[in-house]
Amino acid sequence: MASAKLNHGASPLSAKVVGSFAYLTVKDRMPTIITKVIDSIHRNKNKFFEEYGEDGIEAEKRAISFLSKLRNEVQTDKPILELTDGLRDVDAWNQHLQRHQTVQGSKESVSWFKSPWLYVECYMYRRIQEAIWLNPPINEFDVFNEGKTQSFFESQQATIALCTFLETLKKDKDIPSKNLLFDNFIKLLQVSLWGNKCDLSISAGQENYQKDSPVEALPNLKPFVLVDDSHMVWAALTSSKSNTVSGKRVDIVLDNAGFELVTDLVLADFLVSFCLADEIHFHGKSFPWFVSDVTAKDFEWTIRQTMAANHKWMSKCGVQWKKYLKDGVWSYHDHPFWTLPHEFCDMAVDAPDLYTKLKGADLILFKGDLNYRKLTGDRDWDFTVSFDTVLRGFEPSPLCSLRTLKANVQVGLQPGQGERLTSQEPNWMTSGKYAVIQFHMPHVEQ
Ligand SMILES: O=P(O)(O)OC[C@H]1O[C@](O)(CO)[C@@H](O)[C@@H]1O
Ligand SMILES: [Mn+2]
């Protein structure tokens with residue numbers, strides 16, 4: 001990998017700033033997450049014994065001791081260590097560490113509280129993976145699986161409501177007018193946006209699920225959308241400029257499993273069913289990440305569960321989704337870059353193959369808060385700096401961020417808007433109550 005610049009733009013958010021959200025995350029929320037991971041491994045002790053006998057028990061003990069050590073490193077602000085587990089991304093991580101050591105001047109200075117929050121938080125999830133991976137036979141265990149499946153089951157009512165909404169649209173034999181199509185597109189785009197409220201890492205794994213009909217809730221949520229570029233997203237989707245030879249492709253860079261994934265699948269189904277897209281590429285994570293993010297297993301499991309649901313419209317959706325995958329209309333992709341700590345402006349240099357792939361999309365939807373942090377570099381930008389500016393050249397294709405705010409980075413606001421919110425609601429940037437739909441069109445013709 002070529003060397004990327006670490007010094008582009010405003011300064012990165014960091015736990016260095018005592019009292020900041022980054023500080024509270026590293027100090028309290030991250031150790032809590034590690035403790036929950038330890039609990040989850042411990043709870044599964046009997047299962048490991050049944051599957052692997054004494055070897056399973058030994059592996060459980062070793063993994064827990066790795067994780068206790070990790071928690072101690074965080075709590076005592078130890079230096080960030082090189083990875084040693086031999087997975088395919090080890091070099092990228094260790095090179096990234098060296099870059100930070102060079103910038104910060106010494107090995108000791110690259111530590112949990114002194115380094116960029118984005119880097120150390122991503123690194124924690126990679127170290128959790130290391131603790132599991134280095135301890136066969138439990139090395140395939142997903143420490144976050146229980147929370148993800150629970151969030152899916154607990155959102156069943158909302159999922160049924162959403163699938164019923166979609167199937168009702170499809171049943172209507174009349175070809176919808178462009179206005180009606182637009183209205184329904186906006187509804188499902190917003191449902192996918194608010195689906196992002198349901199992540200498990202902000203609540204350190206506590207229950208966080210959707211109970212009501214997601215479509216009916218939309219009018220009440222409208223005032224909380226601080227930037228709404230959905231007209232531009234629609235224009236990008238319906239412009240005749242796109243690739244007519246191979247059909248129109250929409251890429252969805254997924255965030256969380258559970259209800260959020262259902263909202264993304266419903267949106268993708270709508271796009272294909274109403275000929276707004278011919279192909280959907282879903283991008284997920286290659287190992288368990290940020291508590292609730294989608295892995296290939298979660299993706300397949302969700303579709304299987306939807307198919308098996310005891311509800312006509314929900315199972316119909318599941319069957320359709322399975323068929324889309326079989327026919328290649330939908331496809332699932334993962335790439336190690338999505339689980340690196342890099343800002344997206346470094347993708348063209350650090351993961352040129354992925355950047356080239358994304359160039360083939362007519363529209364890319366980036367779901368969620370962490371993707372927004374990576375799009376913007378998780379930096380202390382002024383609220384009024386434009387989204388285009390902070391992308392710093394990351395423009396593989398027209399792109400849109402669908403994100404509820406859970407970290408202190410926000411750009412593209414009107415003058416005074418951010419300051420007003422800060423004075424009214426000091427935690428507006430981290431509560432998940434506000435959201436943005438922010439679009440960027442590449443400057444050069446692709
Ligand atoms: O699932 P999302 O929307 O990317 O959110 C991940 C969460 O983790 C955090 O990184 C906090 O630890 C926040 O940025 C965000 O709340
Ligand atoms: Mn997430």
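The side chain of Asn 196 places an N or O atom 2.9 Å from an oxygen atom of ligand 1, a polar contact being a pair of N or O atoms within 3.5 Å. The model is a predicted one, in which local features need pLDDT of at least 70 and side-chain atom pairs count only at pLDDT 80 or more, whereas totals for chains, interfaces and linings use all residues. Residues are numbered from 1 along each chain as its sequence is written, chains are lettered from A and ligands numbered from 1 in the order in which they are written, and side-chain values use heavy atoms, with hydrogens and water left out.

Two further pairs involve an oxygen atom of ligand 1: a backbone N or O atom of Leu 370 lies 2.7 Å from such an atom, and a polar side-chain atom of Lys 406 is found at 2.7 Å. Taken alone, ligand 1 exposes 390 Å², of which the protein buries 99% (Shrake-Rupley method, 1.4 Å probe).

The shell around ligand 1 holds 17 residues, of which Glu 121, Asp 369, Leu 370, Arg 373 and Lys 406 come nearest; a residue is near if one of its heavy atoms lies within 4 Å. Five of the shell residues are nonpolar, five polar and seven charged, where Asp, Glu, Lys and Arg count as charged, Ala, Val, Leu, Ile, Met, Phe, Trp, Tyr, Cys and Pro as nonpolar, and the others, Gly among them, as polar. At least two shell residues come from each of α1 (21–43), α5 (117–133) and α16 (368–376), and α16 gives the most, with four; helices are DSSP runs (H or I) of at least four residues, numbered from the N terminus. Domain 1 (3–133) and domain 2 (150–440) each contribute at least three residues to this shell, the bounds coming from an automatic or database domain assignment.

Conventions: A polar contact is a pair of N or O atoms within 3.5 Å; within protein, one must be able to donate a hydrogen and the other to accept it, and residues adjacent in sequence count only if both atoms are side-chain atoms.
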